[in-house]
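Work through them with the model open.

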Amino acid sequence: MNLTDLQALEERYLMRTYRRAPVEFVRGEGALLWDAGGREYLDFLAGISVCSVGHCNPDVVEAVREQASRLIHTSNLFYTEPMVRLAERLAASSLGGRVFFANSGTEANECAIKLARKHAHRRGVDSPQIVSFERDFHGRTYGALAATPSLAENADLGPMLPGFRSVPFDDAAALREAVGESTAAVLIEPIQGESGVYAISDETLLAAREACDEVGALLVFDEIQTGLGRTGSLWAYEQTPVRPDVLTSAKALGGGMPIGACIAGPGAGEVLEPGDHGSTFAGGPVACAAALAVLEIVDDATLLRRVRELGADLRQRLLGIEGVRAVRGRGLMLGVALEGGIDATALGADLLDRGLVVNVPEPGTLRLLPPLTVDSAQIEHAAATIEAALLSFGER
Ligand code: PLP
């Protein structure tokens with residue numbers, strides 16, 4: 001079956017929810033991908049920050065193979081060891097409380113939303129509100145969607161879940177204003193990913209922490225994209241002056257296997273009780289075994305230091321390229337702002353033609369999310385490819 005056949009079948013049988021690039025990938029190893037014609041690509045998107053330990057990381061493959069050959073699924077009505085070991089490891093490496101497993105990022109956030117609402121009801125709040133920032137992205141199920149202002153505007157999908165409001169991005173004063181007695185939680189991405197890689201200032205994070213503490217609301221960090229080493233620390237919050245009450249994780253957690261987690265600190269971790277939440281697949285032994293293998297790799301001071309160094313190197317190289325206006329982000333989560341007039345979508349397509357996979361989260365920005373295991377030569381090659389593409393754009 002060639003690409004044309006795949007496209008014809010997709011057009012006939014798949015719902016039209018995605019715009020795909022015209023490439024069929026058939027194999028991956030480390031930071032490299034190969035298409036059906038045998039062409040090699042350098043992957044600076046990593047499945048949107050999922051394949052952080054590289055494609056088909058041998059330790060992840062072995063953990064999956066070993067677990068799948070023994071036991072794939074039993075449900076949450078019984079015990080399995082990978083699940084409890086993973087919960088212990090996640091709690092110990094972050095907020096120290098309890099974990100609820102999910103199958104995706106949006107589901108991890110659903111858990112956080114339920115938890116926050118119940119926590120608020122316990123404070124006597126009748127109509128709990130969740131506050132987030134404009135341009136935040138928290139997912140596409142109805143709770144997470146309601147906290148994703150740009151998508152929640154889609155009236156065709158309405159009515160939206162009530163009890164959500166947003167304030168202008170990184171506006172500490174507006175956030176303070178919005179948080180009151182009925183606030184259940186402030187739910188934020190410490191660095192917005194999907195909307196173009198924008199970090200919240202320390203000042204606003206401190207304001208969020210204080211505002212939550214004043215009224216007894218929970219501060220929830222969505223670390224679905226920023227977590228697990230992406231920014232050069234295991235969790236992005238470690239490089240900020242605040243500690244959240246709850247954090248959500250997914251994407252890189254399973255090394256490509258679908259898994260999400262809502263991690264709540266000691267107080268918040270006690271809120272949900274039997275019957276409040278659940279999932280048939282979540283916490284399954286194969287996904288948890290994969291996640292344990294991922295943590296073994298990324299929860300490592302040497303790797304995290306290298307992420308910071310490689311990120312700094314990539315940033316410097318990008319800043320030296322004509323056509324690059326600014327570079328935002330932290331570690332290996334970078335947004336490359338292009339000079340006005342450069343069509344980022346066309347540039348992204350051109351980079352794919354040149355064998356470099358990136359994505360375009362907003363007009364005028366390229367987003368780079370390479371595997372954390374990328375090497376210096378690959379960083380240099382990616383920057384050189386972007387430079388060459390921008391040069392040829394300038395000549396057109
Ligand atoms: N939260 C953030 C910050 C994300 O970047 C994403 C996905 O891009 C999600 C939530 C939703 O995750 P998922 O697509 O696994 O549901």
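**Backbone and pairing**

Aspartate 170 counts as partly exposed, at 25% relative accessibility. The model is a predicted one.

Q: Which loop holds aspartate 170?
A: Aspartate 170 has a positive phi of about 60° although it is not a glycine. Most residues other than glycine have a negative phi. Aspartate 170 lies in the loop between β6 and α8 (172-178).

Q: Is alanine 46 buried or exposed?
A: Alanine 46 is not a glycine, yet has a positive phi of about 50°. This residue, alanine 46, lies in helix α2 (residues 46-49). Buried means under 20% relative accessible area. Alanine 46 has a relative accessible area of 0%, so alanine 46 is buried.

Q: What is the omega of the peptide bond that joins glycine 158 and proline 159?
A: Proline 159 is found in the loop between α7 (149-152) and β6 (164-167). Most peptide bonds are trans. The bond between glycine 158 and proline 159 is cis, with an omega of about 0°.

Q: In which sense do strands β1 and β2 pair?
A: Strands of a sheet pair through backbone hydrogen bonds, either parallel or antiparallel. Strand β1 covers residues 25-29 and strand β2 covers residues 32-35. Over four bridges, the sense of their pairing is antiparallel.

Q: Which residue in β2 is the bridge partner of glycine 28?
A: Phenylalanine 25 stands opposite aspartate 35 in β2. For glycine 28, the bridge partner in β2 is leucine 33.

Q: What is the phi of glycine 30 in the turn between β1 and β2?
A: β1 and β2 form a hairpin, with two residues between them. Glycine 30 is in that turn, and its phi is positive, about 60°.

Q: Which strands are the edge strands of the open sheet?
A: Four strands form the open sheet, in the order β1-β2-β3-β15, and the pairing is mixed. An edge strand here pairs on one side only. The edge strands are β1 and β15 (356-357).

Q: What is the relative accessible area of leucine 9?
A: Leucine 9 has its place in helix α1 (residues 3-13). Leucine 9 is partly exposed, because its relative accessible area is 39%.

Q: How much accessible area do Met1, Leu9 and Tyr13 have together?
A: Met1, Leu9 and Tyr13 form a patch on the surface. The patch is nonpolar. Together, Met1, Leu9 and Tyr13 have an accessible area of about 390 Å².

Definitions and conventions
Residues numbered from 1 in each chain as written. Predicted model: local features only at pLDDT ≥ 70, side-chain atom pairs only at ≥ 80, totals over all residues. Heavy atoms only, no water. Pairing = 2+ DSSP bridges. Buried < 20%, exposed > 50% of the residue type's maximum accessible area, 1.4 Å probe, protein only. Patch = residues over 30% accessible without salt bridge, like charges linked within 9 Å, V, L, I, M, F, W, Y side chains within 5 Å. Areas by Shrake-Rupley, 256 points an atom, 1.4 Å probe, with all protein chains shown as cover. Salt bridge = Lys/Arg side-chain N within 4 Å of Asp/Glu carboxyl O.
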